[in-house]
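Here is a short briefing for a first look at this structure. Keep the sequence and the 3D view open as you read.

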Amino acid sequence: MTITNENETPKKNLNFIEQMVENDLKEGLNGGRIQTRFPPEPNGHLHIGHVKAICIDFGIAEKYNGICNLRFDDTNPVKEDVEYVDSIKSDIQWLGFHWENLYYASDYFQQLYDLAIFFIKEGKAYVDEQSAETIAQQKGTPTTPGTESPFRNRPISESLDLFERMNKGDFADGSMVLRAKIDMAHSNMHFRDPIIYRIITTHPHHRTGTKWKVYPMYDFAHGQSDYFEGVTHSLCTLEFEVHRPLYDWFIDQFVEEGAYRPKQREFNRLNITYTVMSKRKLLQLVEEGLVNGWDDPRMPTVCGLRRRGYTATSIRNFIDSIGYTKVEGMIDVSLLEHAIREDLKPKADRVCAIFDPIKLIITNYPENATEILITENNPENEKSGTREMPFGRELYIERSDFMEDAPKNFFRLTPNGREVRLKSAYIVQCTGFKKDADGNVTEVYCTYDPTTKSGTEGGNKKVKSTINWVNIHSCIDAEVRLYDRLFSVEDPLASEKDFHELINPESLKILQGCKVEASLKDAKPLSNFQFLKIGYFTVDEESTKDHLIFNRTVSLKDTWAKKTE
RNA sequence: UGUCUCAUGGUGUAACGGUAGCACUGCAGAUUUUGGUUCUGCCUGUCGAAGUUCGAAUCUUCGUGAGACAACCA
């Protein structure tokens with residue numbers, strides 16, 4: 001998207017990947033063509049770690065006038081499912097990215113098979129009939145060399161015949177594999193005759209059905225697919241760094257020097273405090289019912305974040321702010337929270353919600369009278385306009401906005417008669433309160449000053465605090481789900497304790513009987529609001545007209561709460 | 001007793017041999033019809049040791065520390 005203009009000041013602060021791409025461009029690599037791919041395996045839902053990869057894959061293509069394809073890495077039918085294909089596609093679109101072409105590694109099964117045959121004919125691959133355990137044992141360790149398989153030097157014709165019969169279904173799963181013939185003593189474990197094809201007959205493939213009985217392994221499929229497709233820059237996370245030499249080796253075997261070839265480079269994966277990012281752990285959370293599904297708003301999945309109220313923009317801004325390096329670190333979740341607050345600040349209308357209602361009666365206000373007051377939707381955004389709020393003698397206010405015995409620095413309602421403003425309404429003074437038999441305050445009484453109406457000259461009077469209210473007759477009930485960080489420790493994976501003990505017991509608190517202003521009656525799912533003084537909230541997907549449900553996206557910063565801790 | 005990779009405030013990230021900057025967090029104060037926002041200020045950093053150089057976060061060497069790699073997963 002960037003247009004290069006000689007008059008423009010040179011771009012600065014490129015990340016190391018952009019620097020590499022610009023350098024490749026300058027050197028005319030691959031004729032100046034830029035092509036990337038986002039290669040998810042359809043075995044789980046996308047999480048925010050994937051978004052980091054998506055942003056660089058699609059971002060590089062966009063920035064350097066290239067293309068980015070979506071390619072499902074569907075080489076293992078045992079684990080994969082169409083369910084995930086659909087959700088991955090829609091998540092990418094929701095994030096605002098567009099792939100040039102939609103491919104599947106399974107599109108290349110024939111080419112990959114033919115290539116395997118080529119490797120066998122070249123004497124660079126052989127069929128091994130040993131068990132998985134034996135092969136693993138012979139692999140050696142990172143510090144000791146492996147030993148060669150007795151099948152390593154069998155005749156090419158024999159391997160060829162066996163491999164073809166493997167694919168006809170003549171042999172059971174696990175009975176034999178095709179291995180590349182490289183070096184069992186290599187210091188890089190991945191070069192110790194890696195398995196490149198295995199037999200899978202027990203699970204039909206979600207796209208090719210039972211056509212194939214052998215499936216390529218990642219190392220043989222990924223780089224070759226990149227090559228078939230014309231990928232120039234194959235970007236992935238750091239754990240694939242040790243695979244890169246093998247990625248290059250395979251391509252060396254059938255591509256001439258100097259010809260086009262894809263290039264793999266690795267960046268740091270995303271870790272965020274108080275959550276986990278591995279698909280295995282996320283799956284465990286779902287399967288054990290520790291959360292309510294992949295889209296539980298506590299999950300770092302794209303669907304979970306969306307349901308939590310995170311916008312695509314905020315997630316992309318967050319990713320943009322953390323950058324790409326080779327340093328494996330841990331991002332403070334407050335950075336993510338900052339991104340959503342920043343995005344919602346001008347977008348989310350301010351509304352009143354009372355979580356723990358207590359009745360406030362304005363004793364000098366006429367009974368049965370109703371008055372329509374005007375309030376701004378968002379002081380941070382003039383274009384957001386105003387709305388009407390019905391005011392009356394009986395209101396609900398937040399229980400915590402009244403204190404019988406208040407410290408000096410408590411600015412809200414107290415029986416001492418401090419003046420307090422009701423948001424967009426009048427200034428009131430507490431005159432008394434009522435308690436039930438258990439000593440709980442049930443009603444608070446106050447008088448109002450009719451000359452202090454907001455928007456009038458008398459309304460300019462300064463008071464120390466403004467509190468929220470809803471009209472007792474027009475407000476509506478709502479359920480509020482207060483979400484917080486899923487884990488109570490910064491790095492759950494690093495803890496010695498059992499995974500289950502690390503879950504934050506307060507990661508979800510459900511509040512019933514909350515009172516929200518009537519304007520929220522028709523709020524649409526996934527729309528964002530700021531509940532004044534409380535936080536940003538979104539309407540849950542399960543919310544209905546008769547049963548409103550709001551999810552807390554993130555709280556507002558609260559220096560008062562900090563002081564009182 | 002392997003190979004590869006990495007090392008800048010609490011966290012993340014810049015500085016590409018020439019003044020260590022930015023964001024987040026935290027702490028103060030000002031403003032505020034949100035104890036929010038905004039504004040101002042403050043705290044805190046080049047892993048260590050040699051070397052090259054007029055000059056090193058940057059280049060070299062040696063340490064130290066951290067991570068990845070031994071799935072018929074990707």
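D295, R307, E479, R481, D540, E541 and E542 are joined in one network of salt bridges. A salt bridge here is a side-chain nitrogen of Lys or Arg within 4 Å of a carboxyl oxygen of Asp or Glu. This is a predicted model, where local features need pLDDT of at least 70, side-chain atom pairs count only at pLDDT 80 or more, and totals for chains, interfaces and linings use all residues. Residues are numbered from 1 along each chain as its sequence is written, chains are lettered from A and ligands numbered from 1 in the order in which they are written, and side-chain values use heavy atoms, with hydrogens and water left out.

**Salt bridges**

- The whole structure holds 41 salt bridges.
- Side chains of opposite charge can pair when their charged atoms come close.
- R306 pairs with D91, with the closest N and O atoms 3.2 Å apart. Helices (H or I, at least four residues) and strands (E, at least two) are DSSP runs, numbered from the N terminus.
- Both R306 and D91 are buried. Buried means under 20% relative accessible area, exposed means over 50%, and partly exposed is in between (1.4 Å probe, protein chains only).
- R269 and E239 meet in a salt bridge at 3.0 Å, N to O. R269 sits in the loop between strand 9 (263-267) and helix 9 (279-287), and E239 in the loop between strand 8 (233-237) and helix 8 (244-254).
- R269 counts as partly exposed because its relative accessibility is 35%. E239 is also partly exposed, at 37%.
- R244 forms a salt bridge with E266, the closest N and O atoms being 2.8 Å apart. R244 is in helix 8 and E266 in strand 9, 22 residues apart.
- E266 has a relative accessible area of 0%, so E266 is buried.

**Domains**

- Chain A is assigned domain 1 (16-267), domain 2 (279-348 + 478-564) and domain 3 (353-468). These bounds come from an automatic or database domain assignment.
- The centres of domain 2 and domain 3, taken over C-alpha atoms, are 30 Å apart. Contact means heavy atoms within 4.5 Å.
- About 1,500 Å² is buried between domain 2 and domain 3, and carbon and sulfur atoms give 57% of that area. Buried area is the accessible area (1.4 Å probe) that two parts lose on being put together, summed over both.
- K515, K533 and W560 supply 38% of the area that domain 2 buries against domain 3, more than any other three residues.
- Between domain 2 and domain 3 there is one salt bridge.
- E517 forms a salt bridge with R387, at 2.6 Å between the closest N and O atoms.

**Helices**

- Helix 11 (residues 312-322) has A312, S314, I315, F318, I319 and I322 buried. These buried residues pack against helix 2 (48-63), helix 3 (82-95), helix 10 (302-308) and helix 12 (333-344).
- G323 follows helix 11 and has a positive phi, near 75°.
- E18 lies in helix 1 (residues 16-26). E18 counts as buried because its relative accessibility is 13%.

- S424 is not a glycine, yet has a positive phi of about 60°. S424 is in the loop between strand 16 (419-422) and strand 17 (427-435).
- K533 has a positive phi near 70°. K533 lies in the loop between strand 23 (528-531) and strand 24 (535-539). K533 is partly exposed, with a relative accessible area of 44%.

**Cysteines**

- The whole structure has zero disulfides. A disulfide is a pair of cysteine sulfur atoms within 2.5 Å.
- For C55, the nearest cysteine sulfur is that of C68, 11 Å away. C55 is buried, at 15% relative accessibility.
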